[in-house]
Structure formats: structure tokens, C-alpha cells
Amino acid sequence: MSDFDELMPVFVEEARQHLQTIEPDILTIEQSRDEIDPGVINRIFRGIHSIKGASGFFGLQNIGKLSHIIENSLALLRDGKITADSQLIDALLRGVDTLRELLDNVETSEEFNIDSPVASLQHFVDNAAEPQKTVIVAEKKPDREDTGNHTEKPSASSGKFHVNEADIADMVSKGLHLYAVKIFLSKDLKQKNRTPFEFINIMESLGQYMDSFLDIGNVSGLSDCLDNDLAFDVLFATVLEPEIVAEGLDIAESSIAVMDIDKFKKAEEEKHKPETAPLQPRHKNGAENPGAEKPDMQTPDSAPAPADAESRNNAPALPSGKKTAIVHTEEKIRVSVSFLNDLMNLAGELVLGRNQLLQIAMPMVKNTPGLNPVLQHINRVTSEMQERIMQMRMQPISLVFGKFHRLVRSLAKKHLKEVRLVIFGEDVELDKSIIEGLSDPLTHLVRNSVDHGIEAPDEREKLGKPRQGTIELKAFHQGGQVHLLVSDDGRGVDGKFVATKALEKGIITRSFMDAMTEKDRVRLIFRAGFSTLDKVTDLSGRGVGMDVVITNIEMMGGTVDVDTSVGKGTKITLVLPLTLAIVSGLLISSQQNRGDQFFIIPEVDIDELVRVKPEEIKTRINKIQDAHVLRLRDVLLPLVSLNKVLGISETDRAESDFTGDISKPLRILVVKHGSARYGLIVDSIVSTEEIVVKPLPRYLKKMKTFSGVTILGNGTVSLILDVAGILKKADIRNMEEIREEMKSLSDSIRTEQELQTFLLFDNRTEERFALPLELISRIELVSASDIERIKDRHFLQYHDKKLRLIFLEDYLPVHRPERSPDDTVGIIVPKQTSYPLGIVMNRVINTVAAAVELDTATITAPGLFGTAVLDKRITLIPDMYRLFELAAPEWYNTEKAGGTGSGRKRRILLAEDTPFFRMVESKYLKSAGYEVIVAEDGEKAMQILENEPVDAVILDIVMPRMNGWDTIGAIREDERLRHLPVMAVTSLSEENLAEKGIKAGFDEWELKLNKTSMLKKLAKMMKK
């Protein structure tokens, strides 16, 4: 009984996992009833088949009976004998619900009344074109010659099996053997660390599972169960001989008995004697054979997927005397969630210990030989261990998405709507704690889409829409976070109507409503107590659903954004961190007379760091509506002083230093929250830290500017900043109005050169190098000993990939550095490349924003743009993509795309106001074989288009006199130029900007300096 009790929870857990995948597949069948994918039916079939088989190990007759009738219904559906109408789908879903209920109460499952779900499915089986018949098979009696060989062999089967006649006929026609296999719960399962499901999977890989029952003949009572091993009898069909089956299943050969199927073989031979069509009248000699009346028995109800069956049946039978290892299974162990949580906590403590060790020991590195490699090794191993433990807690978001097919179907049916649910990105993984917190918010959003968003079919038809509405659920990774999109093509949200309802309910005042922008009005749907319905229904009207969404998402450190269009639909975007336990953060400090105060801001909330020099403060800081803004390249950002918003200092530096004596540089973090971006002024930036997030103490819970607390490497406690809370506390309510004034101010300053941000680094030599920051994904610090050399190439094992390494000294006219295996080197990992490549460097010196004057004549080499004076030093600027082409020519297609059929080069008009970008993009285009004409702005580009023919145009968005938006508008309004291919190549990376660009008339949209993608999109655009 103890074995029974230990294996039962494992069975229940695995059966539930099967049901999670079965339900969405049943709904898929309903949606594609005209062209049902056999693979979907077979996938459901295998899941139900496994549940039925494993339930037999425990004598769970109700679960087995219900699984069997579901299986029979699916077999008839697969054979085309019944149709997938809504009644059948309802019956199948009801059967799955009952199975789930039986599993939830498995100890008392035999007391449940399952007559109703069984009867509803039995109705379809009984009314099928050809009802199924059941036959009994028993163990074959030994021949007289073999009597002596079998008298001492114990019987492997202690009962009779009930099998569908069609299954037996199909098995016989394929030349399979039929065996009864006795499996002991302790000896064959528990002691070999196998679950019932795993055993059935092994059995299915060798043949075909057909029937089973729990053998209790060898126990006489409850006390006897403790001494005797419970046995389980399985009916099994296969091409293999008994000794090979025993080898494959890892059981004793004495546990296998041959079943008597001679009479079925004779019936099959009799049926196939005459060469007649399957539906010809039966012969007289077949009248005594009931099986001869069956015209078609090729698809038994317990058959595996067609591909599996075919591969087994075409395989030659193995010689009986040959012992071969047939099954190879991966070893797995089960651990509890609490155990994983303990591991996660220990990993967090290990990270804290690592941080403290590095902080204490790093000053000793110079005077202690051999210490630095040890510290680097501890750092790397700790990071890898932390990453692997975090991966153990990661779960696919399909665990949440899977339930919505059923929810949408039920709601649509109840409210007489036609709704289709489309899901993308089910394999995206999130931390278990976030997965658990997502269920309620997503449920509210989906229910809201069905109730408020999707119109009734007749209403949609009048509006010119398809009768069936569509709801999309989408998940994807971006910028180290997970983005979840819930969108529908329904009626959208009218901000004016929402604000009026909020006014009626007393949520806002009239003056507040008049001052709100359209987007602010739409966001009122997230206010507690708000609802657009006057009458409470079972779905809506209580004003709690959307409030739950924003509350739960923000509690997990996420953001919610709404994009809606009246009459067209609504898209709600949730942005969440991958995990809540261990994150990378930036340590900043506030320097006061009473001592420094340290804070942490998560790196995922930071777009970039900006250092404004003292002499630039007066020109780069402006004032709009009593708020200070920063001129950052082509945009203006509102500024928030950390000291002022936290109450650390009453005076705001943005009000004192900007107008008085300026002697210190201004340090600004550009942070983002949803669609909002602002600059956070801090006193100093200390370092980056891997932090373990701890919850806020009870007495700090109400302080919305903080999201948690952590322990730093020096043992001190630091608060973690919440960028959303800071934004609310700063009370920048008039963001939209400020943006409008920013836009007009930006237009007045666009005549100046666009600044470009560079990463400065060295290569353990005197030379300095710089790469545009937009090209860089991250920088990894590794030990030189980790770099592996294969012939003349170097590789690094990086995130389960082989990262090819490029050394600058191999391609550029620079000194060759001296490196030892104990050194730590930096690897620059680019953002978007076709293949995994990285550039080796020594250390990062600084980041600098400058308008580059590039010298392309003094120092020249393949793979080098040229030189520039950055940070008062001559700096080499490598051409990263050209270096990759030189290092790995086999990976890059050198075919020229710029030619035409007539032999002339295709002409590209490039409009770009910044000299550096103009030079780089021209070089990219010329390397692909294009002829390039350049223009400094949109006005000059239009003049060229009036006088010269071109094949395509590439426009920058931010340009003086005539920007990219105005230029594309002028091109599309000109009858002669309307169909000219136009691409936008810009440094703007705001959300939804590419979509806006396509609507404005651009054919393609690409970020600057991505050579591979730009050339690929250009070629594609010109082929249209």
C-alpha cells in the first residue's frame, strides 16, 4: 500500500498535465471542423490513452471508463464516422471536466456518478455508422509438445481482456503478436524509479497498448496488501518476440504470456481469400465468423499516431535470440516547488556573498599574485549557478494562455457572439511567481474583450467587419523583459465617453476632465470602481476588473499601456520582468552633508546614461511650463530631481545650478515607464550590482517611490527605486502638452548636427577605439583562459552557443597586445548580426556623445571607417560589419544586389543630415553595389527627385528644414513619385513608431547602423 500511495500523487500530477494540452486541442478541432488536422486528434488520443492506461495501475475504474469512451469517440471522429459539431465538442469538454474533477478527488473518485458524461459520449458511439463490438481474449494454452516447458512457468495473466473487435482485426492484419504483460507496482516501477506514465510511454515505443486491469488475485485482504506486491496486467501488441519485449521493458520474461488469437487469424485469412472490394457481400463460409461482417477494420480506437504505427509495422522483426538495447530514456528526478524556492534563496545569499567578497578583495589584487583569476572564477561560476537555478523556476506562458480557448468559447456562446482566439508565443518562459500572478489580470482582459470589445455578429456585419471577431494573445521577449499583448478588433474605447462616465460616478471632477488628454481619459478604465455599464452582469459592471489588472501588474514591477481606436479595436500591452528574485541594477547615490545615501534602480528601467558637461548645461536644458527638459539628440525629455522627489533636498538642482554658477557635470538617467520617458537627475553613479530583491518592510509599504530593498556588497541596505512611483510623485500630469511644446522646440533646433553616442575602449595598447553604442548589445567579462582556439579561429562558449571572436589587431593597423591566460578580457557582443560574433577588447574607458567629424584619409584599412577626435584623443572607429565579413566570409553573402538587368547600377537617394551617418550608410550601400546620391535634408532630396531618376529613397526622420515625415508626405502626394520605394532609417526607437511610419507611406522601417538588416530590407522593397 505504501508503493501505491507514493505513486498516486505522481500519476495525478502527470494526468493533469495531459489534460492541460487536451482541452485546447479539442477547441482547435471545433474551429477547423471542415479540415481537421489528424495530428491534433492523435495528440488528444495519445493523452487520453496514457491517462486510461496509467489509471489501470491503481484500479481507478471511473477514470479508466471515462477515458475509454472519450477515446472511442475520438477514434470515430478520426475515421470520419461522426462529425465535430458543437454537441460532440460539448460532450468531449464535459468529459475532460469530469476527468479533472475525478483527478482532483482521486481518493473518492470511485464514488462519483459519471453516468451523465459517459451517456452523452456513448450516444455518439452508438449512433456511429458502424458500432464497435467487444471480444474477449485469453492466454493461449501450451501445445502438447511444449507442455513440459510450461508447467513450471507461472501464468502471466490471471484474467481475460475485453478489446474492440476492430482492434484485434487490425492487429492481426499487421502481423502483430499479442501478449499479456504482468507489471508489479513495486518491483517494476518504484524500485526502478519509473512512473506509470513513463512505463506506458516505453511500451508505446515498442508496440501498441490495448487493455489493462489491476490484478488483486494475489492479495486476500488489507493486511496482505502490505506484504504482497500489487500486479497490473496489460494487453500488448507488437512485432517483437517475448524475450525482446522483456529486454525493452526491463521485466522478467516469465511476466509475459502469449495470448490466443488463432480464431481471429483464421477469420482474417478467410476474409482475404477472395480478391474482392471491402464492401462486397460476405461469403457463405464467413457466415459463422462475426468478424467477417466488418468491411473496414484499419483504424482501431487505441491505435497510435499513423506515422508511429507505420514505422513500427514496416520494421523487420528482430531475431529472437538477439539481445538489443531498444529503449533509451533520459534520467529525471522530481523536486518540490518549496525545494526550488530554497535553492533560489540560497542562490540569492550566494550572490550577496560574492558581491561582498569582490568588494573586499579587489583592492588586494595588485599586491596578491593569482588572486584576480580566483575572484573572476568565483564571479563567473556564481553567475552561471544563479542563472541555471533561475531557469529551473522558469515556466512556459502556455500554462496561462492554454485556459483561454475554453473561456472565450464559453463566453462567446453565452452572449451570442462569434469570437476567435489567436495565440502567439506560447513557448515564452517566465518565472513561476510571475506566471502565477498573471492569471487574474489576463482573465479580466480577455473577458473584457469579449464583453465590451467584440460586437454582436449582426452589428459587425453592418460595420463592414467579419461576423467573427478576433482576440489575439501574444507574448515575446524584448529588452530583457516580456511583453504581453491582448488585442481585439472590436469597437475600441471612446475616451470622451469614458471620461463622461467617470464624471457621472464622481471619480473625477469637471475641471480635471477638461484638462485630460485622450490617452489619460482612456486610462480611466483602470480606476477602482469605474465601469461603463449601468447594469451589473455576471461579467462586468462592478468596476473591479481593470483595477485588478493594473494593481497586480504593477505589484510585479510591470507596466500597462493602452492603444485604442474607436471602431477598430484595442490593444493592451503588459511589460513584465523575467523574474522578481535576482536582477541587475545600477547603484546611484545622493551626496548630502550627513553622508551619502545609496539607491538601486533596475537596469531594465534604464534606456541610457547621459552626462551633461558644465559648459553644455545652459544650452541643453530648457524650461517648458515650469518643468525643465533635456535636449537629447532629436527629443526633449522632462527632468525629475531624485533629491527633490524623495525629499532629501528641498532645493532642486534643476532650479539652482541651471541659472547660477555651473561647476559640476549633470548626471541623468534616461528611464522609461510604459510609453513615458523622463530624465532622473542623480548626484553620482557608483556601479552595477547583481541584487537580491527583498520585500519592503511593513512600515515602508505605503512609499510608492520604492519597490523593494536589497543588501549591497559592503553589507549596507539600499532601497530599490520604482520608476513608476517616482513619475507619479513628480506629478508630471501634462506630459502630452509638454510633448507638443517639445516638438515645436525640437523643430527650432534641428539645424544643429545630431549627436552620436560612442563607447570608448582600449585593447591593452596605446590606441583607443570607439563603436556606436546603438550597435552594442552587451559587454561580457571573461577569463582569457576560457577562449578556445581551433586552428586559426577563436571561440567562446556563450549562452549555449559558440561565439566566434574577432581580435582587432588581426585586421587593423594597430599594435598587438600581450595577453596571459590569467587576464580578464571584455567581449563586445553586437545587437543584430546574422551569426554569433564578438569583438575582443581590454576595458571600457567611457561613453561620449559627440558630433563626429570623421577623417577617412589619414589612417585607412579594410574594416576601419576612419578616425575622429573623441574625449581629446585620436580614436579609431572600426567598421564592425566589415570586420565580420573579413573574418567570416563564408557566413556573408558577397553577391552585389545593386545591379539591374541592363547592367547599370541601381541609384539610391540617401537623405541624411548627420555627416557621420551619411558617410556610414553611403559606404554600406556602395559595398552592396548601389550608386548613391546624398542629400543633407528633405528639401534637398525633393529637389533631386524633381531632376534626377532614382530607384529608391532612404530617409532620415529627424532633419532640418524638411524632416522625414514631411518628405514622405510630399513623395506620396506627387503623382510621378507615388510608387517610388522609400525606407526610413532612423535612430528613433519609440514603441509603435515603425507602425506609424508604415501608415505614413514608408515601405520599410529600420534602425540606423544595422547594415545587414538595412540591405536585406532594401533589396526586398525594390523587388515588390
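Author: Two strands pair if DSSP finds at least two bridges between them, and that rule is applied here to a predicted model. In this model Leu955 has Ala984 in β39 as its bridge partner.

Reader: What makes strand β38 and strand β39 a pair, and in which sense do they run?

Author: Strand β38 (residues 952-955) and strand β39 (residues 982-986) are joined by three bridges and run parallel. Since the rule asks for at least two bridges, these two strands qualify as a pair.

Reader: Which strands make up the open sheet with β38 and β39, and in what order?

Author: The sheet has five strands in the order β37-β36-β38-β39-β40, and the pairing is parallel. The strands β37 (931-935) and β40 (1004-1007) are called edge strands because each of them pairs on one side only. Ignoring direction, neighbouring strands of this sheet are turned by 20° against each other on average.

Reader: Which helix packs on this sheet, and how do you know that it touches the strands?

Author: Helix α30 (residues 915-927) packs on the sheet and touches β36 (907-911), β37, β38 and β39. Helix α32 (residues 964-973) lies across β38, β39 and β40, and runs at about 160° to β38.

Reader: What is the order of the open sheet that contains β8 and β12, and what is its pairing called?

Author: That open sheet has five strands in the order β8-β10-β11-β13-β12, and its pairing is mixed. The edge strands are β8 and β12 (559-565), each pairing on one side only, and the twist averages 15° from one strand to the next.

Reader: How do you know that β8 and β10 pair, and in which sense?

Author: Six bridges link β8 and β10 in the parallel sense, and because two bridges would already be enough, the pair meets the rule. By contrast, β10 and β11 pair in the antiparallel sense over eight bridges, with Leu484 in β11 as the bridge partner of Ala475. Strand β11 (residues 481-488) also pairs with strand β13 (residues 569-577), in the antiparallel sense and over eight bridges, and here Gln481 has Pro577 in β13 as its bridge partner. Helix α18 (residues 432-453) packs on this sheet, where α18 touches β10, β11 and β13, and its direction makes about 20° with that of β11.

Reader: Why is the contact between Glu418 and Arg467 called a salt bridge?

Author: The closest N and O atoms of Glu418 and Arg467 are 3.8 Å apart, and because the cut-off is 4 Å between a side-chain nitrogen of Lys or Arg and a carboxyl oxygen of Asp or Glu, this pair counts as a salt bridge. Glu418 lies in the loop between α17 (404-414) and β8 (419-424), while Arg467 lies in the loop between α19 (457-462) and β10 (469-478), so the pair ties together parts that are 49 residues apart in sequence.

Reader: What makes Glu780 count as buried or exposed?

Author: Glu780 has a relative accessibility of 16%, and because buried means under 20%, Glu780 counts as buried. Its salt-bridge partner is Arg778, with 2.6 Å from N to O. Arg778, at 43%, counts as partly exposed, since that class lies between 20% and 50%. Elsewhere, salt bridges that share partners join Glu23, Asp97, Arg100 and Arg406 into one network.

Reader: How many salt bridges does the search of the whole structure find?

Author: The search finds 36 salt bridges. Among them is one between Asp607 and Arg677, at 2.9 Å from N to O. Asp607 lies in strand β16 (residues 606-612) and Arg677 in strand β21 (residues 676-682), so this pair ties together parts that are 70 residues apart in sequence.

Reader: Which residues of helix α29 are buried?

Author: In helix α29 (residues 880-887), the buried residues are Met880, Tyr881, Leu883, Phe884 and Ala887. They cover an arc of only 160° around the axis, and therefore they are on the same side of α29.

Technical notes
Residues numbered from 1 in each chain as written. Predicted model: local features only at pLDDT ≥ 70, side-chain atom pairs only at ≥ 80, totals over all residues. Heavy atoms only, no water. Helix = DSSP H or I, 4+ residues; strand = E, 2+ residues; numbered from the N terminus. Buried < 20%, exposed > 50% of the residue type's maximum accessible area, 1.4 Å probe, protein only. Axes fitted to C-alpha atoms, helices over the stretch in contact; angles between N-to-C directions. Contact = heavy atoms within 4.5 Å. Arc of directions from axis to C-beta.
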